[in-house]
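Morning, everyone. Please bring up the sequence and the model, and keep both in view while I talk.

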Amino acid sequence: MKSLVAYFSASGITKDVAETIASVQGAELFEIAPQEPYTKADLDWNNEQSRTTLECKDKTSRPKMASSIDVSPYDVIFVGFPIWWYSAPHIVNTFLESGDFSQKIIIPFCTSGGSELGGSVRDLQKSVPQAEFKEGRRFNFGTSKASVKKWIESLGL
């Protein structure tokens, strides 16, 4: 099965995990980058008026992506993101709503200092109800390649 690792990373932590997954899985890599990059002020979760706070409060928010990818050649798509306000950043929904994910296996993974995937999977499934979701996982900064490999092997792909 051909795999893609698509990820959104604001600080680089999710990018590091995505690169490890792609290396272990032999998958291609795609960055879900915003058309308008997030500034440090945009990412200030303590500010009720910051861009990310406003996006997360608006469930219909769909930030534009800088580029897109044709997902048709892939069978398995790992989707990575940091946890923001107990869910995935809405740009991940933008990605999932940008292509035909029917007959695709989606495997979410997140990075967080403490929050689990929680309701993020349910929120993502709403964007691609025709896809099959496998159990995802949360990773911390500095996750080992061996740990990632063990997780991927447990998926039975």
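A word on conventions. This is a predicted model, so local features need pLDDT of at least 70, side-chain atom pairs count only at pLDDT 80 or more, and totals for chains, interfaces and linings use all residues. Residues are numbered from 1 along each chain as its sequence is written, and side-chain values use heavy atoms, with hydrogens and water left out.

Start with strand S3, residues 76–82. Helices (H or I, at least four residues) and strands (E, at least two) are DSSP runs, numbered from the N terminus. How many residues of S3 are buried? The count is 7 of the 7, so the strand is largely enclosed by the rest of the structure. Buried means under 20% relative accessible area, exposed over 50%, and partly exposed in between, with a 1.4 Å probe and protein chains only.

Now the faces. In a regular strand the side chains alternate between the two faces of the sheet. In S3 both faces are covered. Val-76, Phe-78, Gly-80 and Pro-82 are buried on one side. Ile-77, Val-79 and Phe-81 are buried on the other.

Who are the neighbours? Strands pair if DSSP finds at least two bridges between them. Strand S1, residues 3–7, runs parallel to S3 and is joined to it by 5 bridges. Leu-4 has Ile-77 as its bridge partner in S3. Strand S4, residues 105–111, is also parallel to S3, with 7 bridges between the two. There, Val-79 has Pro-108 in S4 as its partner.

On to pockets. The search uses a 1 Å grid over the protein atoms alone; a pocket is an open set of points where a 1.4 Å probe fits, with protein on both sides within 12 Å along at least five of seven lines, and lining residues have an atom within 4 Å of a point. Grid points are joined across faces, edges and corners, and a volume is the space filled by probe spheres set on the points.

The largest pocket holds about 440 Å³. Of its 19 lining residues, Ser-11, Pro-82, Ile-83, Trp-84 and Thr-111 are closest to the centre. The lining has 10 nonpolar residues, 9 polar and no charged. Ala, Val, Leu, Ile, Met, Phe, Trp, Tyr, Cys and Pro count as nonpolar; Asp, Glu, Lys and Arg as charged; the others, Gly among them, as polar.

The second largest pocket has about 170 Å³. Its lining includes Arg-62, Trp-85, His-90 and Asp-123. H3 and helix H4, 120–127, each supply at least two lining residues.

Last, the single residues. Ser-50 sits in the loop between strand S2, 28–31, and helix H2, 51–57. Is Ser-50 buried or exposed? Its relative accessibility is 3%, so it counts as buried. Leaving out residues up to four places away in sequence, Ser-50 touches Ala-41, Asp-42 and Asp-44. Contact means heavy atoms within 4.5 Å.

Leu-54 is in H2. At 40% relative accessibility, Leu-54 counts as partly exposed. With the sequence neighbours up to four places away again left out, Leu-54 touches Glu-48 and Gln-49.

Pro-73 lies in the loop between H2 and S3. At 39%, Pro-73 is partly exposed.
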